[in-house]
Amino acid sequence: MINSDLQALITTLQMAGLTTIILLIIGTPLAWYLAKMTSRFKVVIEAIVALPLVLPPTVLGFYLLIAFSPEHLPGQLWQQATGQQLAFSFSAIVIGSVLYSLPFVVQPLQKAFEQLGDSLLEASALLGAGPIDRFFSIVFPLTKASFITAASLGFAHTVGEFGVILMIGGNIPGETRVLSIALFDHVEAFDYARAHVLSISLLIGSMLLLAAIYWLNLPKRSLKNKVMKKNSIEHHAND
Amino acid sequence: MTKLPISKTHQAAAQLDIDVSISFQQFDLTIKQAIPLKGITGIFGHSASGKSTLLRAIAGLEKALSGHIKLGDKYLAHSKENLCLKPEERHVGLVFQNSRLFSHLTVLGNLEYATKRCQNRQLNLNEVIELTELSELLVHQVSELSGGQQQRVALARAILAEPKLLLLDEPLSALDRQSKTGLLKMMLNIQQKLKLPMLYVSHSLDELQQVCDNLLVMSKGEVVSFGNIHKVIHKLNSIDDSEIIHQQTSLSLPIKGFNNGHDLTTLSLNAEQDIYLICDQAFQHQTQLRCFILASDISISLTEPSDSSIVNHLLGTIRQMNHQKHNVLLTVNCGSQDFYVTISAFSQKRLSLSPRQQVYLQFKAGAVRTFIH
């Protein structure tokens, strides 16, 4: 049924969208803290943030499954607060995605904040700008490209997630059944036609998103040069 | 909202009281000095003498200090009372060596960044733009500007925040000579119009000599000397090290005649004695002139030279003779002014010069130097 694939697409977009928003909210201060941190514990925190890059998703999924179960504290607290079970819920796959995609958001932001340095922030403080003002008037406009990269990577990586969701989400249509899981189901059922449709859509979608990121990150100068070159060529042509 | 006249916007507070120590790996900075908040005070010293660190401490960018900094009647930092105001709460401006302009904003955007966050808002944006000659550049991106233009934007931006004290950390060091002179003039003009006290850090005594009223000399994190700029420079003359100072006579004299008909300007040294220097259009509207004469540019004669092309010869009395590594430094008193002269030990012996002896000082009009043209 195509409808179930559409349902999976909607679930996927909802999950990835919500995950990206949460990641930007918690990833920005975390990246800022790491960029400014000089303590030797910095490497420990950096390693923890980067862990999902190398850890098999099933390992993370397995531990989250245990933590989210009603027998353990995080799952119990969730159940007390919301009255619902955490494991095999939409909330569970969002939390799992946040952890799993964290490095894709934190690392580009951290790098951008480190490159920005303190000099402009010192200058703006001396002009009377407080910390929040400095963030929105200086940091954000000057690192906008990195925010777009971070958000896109976080979003794309969450869309492509499989192992963690398989472990903690189950396969509940409209709740935790996302595209990658639907694709796996089609292959298992030898429905290659539908598997192809999903695969090619995911492939093209990811490709377009990455191309957009790289385009946004092109150095502005080279773009300007191109425009100037083009203008000068036209100029010569007119001579 | 009515704008107050520009000259009344900055009422200078009494003094900047500094009593701080800051520990670094290479050296400790220990400064105890009260600086009158009047005119431009120069801070002179070699690299790693701690002068930039001192400015950063006053601005609130250097937090790990013990002691106190008091601007007028307000403490900016007081370690005993655990008080350390944030940079944005200090009303202290700082112009950095590299202008630190905001590259995502235009020139006007950079200026408005300051005005939007200023609580007083008594300065008129257009007046400051005029003072810093930026009206042609307002719509430009800051990356399109030359170094000198960028520093003018940085200066205007700092002024528009309406600080009670403006700090300048080697603002001219990356500029060519022409931009330097232009910016120095601008600083002087702004200081006089806005009555904004400034602390100006530089390793160029020539620059400081032209604009500063007082001079603070630092070495290895400590204050070596503080006071009237001419007196402090003359005190530095006793250091026989051309790396630190070109021994000189530093003067601030009234202009007696702009042009004597032969393109020479006359300065009045005292009731009887004048000094001639080469006339410059810029002197026309000035009543007072800052100039200096290098000790190596003055020669000594025992009789009054009457058949020499050298225009300046002053009768004086040798007050002091110091034998240095390669020559002899004479302090010669003319009226109430001391002149500093270096001659070879050979000449000193040949003329058998001694203290209290009367001599003639000779120097060309071209040896009387000014930085601002």
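Predicted model: local features only at pLDDT ≥ 70, side-chain atom pairs only at ≥ 80, totals over all residues.
Visitor: How many bridges join E3(B) to strand E10 of chain B?
Guide: Four bridges link E3(B) to strand E10 (residues 214–219) of chain B, and the two run parallel. Two strands count as paired when DSSP finds at least two bridges between them. Helices (H or I, at least four residues) and strands (E, at least two) are DSSP runs, numbered from the N terminus.

Visitor: How many residues of strand E3 of chain B are buried?
Guide: Five of five, so to speak: strand E3 (residues 40–44) of chain B is mostly covered. Buried means 20 or more other C-beta atoms within 10 Å of the residue's own; exposed means 12 or fewer; partly exposed is in between, with C-beta atoms placed from the backbone.

Visitor: Which way do the E3(B) residues point?
Guide: B:Ile40, B:Gly42 and B:Phe44 point one way, and B:Thr41 and B:Ile43 point the other way. All of them are buried.

Visitor: New topic. Which residues of H2(B) are buried?
Guide: B:Val107, B:Asn110, B:Leu111, B:Tyr113 and B:Ala114. They span an arc of only 145 degrees around the axis, so they sit on the same side of H2(B). The arc is that of the directions from the helix axis to the C-beta atoms.

Visitor: What covers them?
Guide: The cover includes helix H3 (125–131) and helix H4 (147–160) of chain B.

Visitor: Why does B:Val107 count as buried?
Guide: Because 26 other C-beta atoms lie within 10 Å of B:Val107.

Visitor: What is B:Val107 in contact with, leaving aside neighbours within four places in sequence?
Guide: B:Leu134, B:Leu137, B:Leu138, B:His140, B:Val142 and B:Val153. Contact means that the C-beta atoms of two residues, placed from the backbone, lie within 7 Å. B:Val107 and B:Val153 are 46 residues apart in sequence, and their C-alpha atoms are 6.8 Å apart in space.

Visitor: Which residues touch the most other members of the largest nonpolar core?
Guide: B:Leu94, B:Ala156, B:Ile159, B:Leu167, B:Leu199, B:Tyr200 and B:Leu215, in a core of 77 residues. H4(B) gives the largest share of this core, seven residues. A nonpolar core is a set of buried Ala, Val, Leu, Ile, Met, Phe, Trp, Tyr and Cys residues joined through C-beta atoms within 7 Å. In soluble globular proteins, nonpolar side chains tend to be buried together.

Visitor: What about B:Ala156? Which residues is B:Ala156 in contact with, beyond four places in sequence?
Guide: B:Leu111, B:Val128, B:Ile129, B:Thr132 and B:Leu134. There is also a second, separate core of 41 residues, which includes A:Ala16, A:Phe68, A:Leu86 and A:Ile181.

Visitor: How many helices and strands are in chain A?
Guide: 12 helices and zero strands. Buried residues make up 32% of its 239 residues. The C-alpha atoms of chain A fill a box of roughly 70 × 50 × 30 Å along the principal axes.

Visitor: Last one. What domains is chain B divided into?
Guide: Domain 1 (27–236) and domain 2 (249–369). The bounds come from an automatic or database domain assignment. The C-alpha centres of the two domains of chain B lie 34 Å apart. Their contact takes six residues from domain 1 of chain B and seven from domain 2 of chain B.

How values were computed
Residues numbered from 1 in each chain as written. Chains lettered and ligands numbered in written order.
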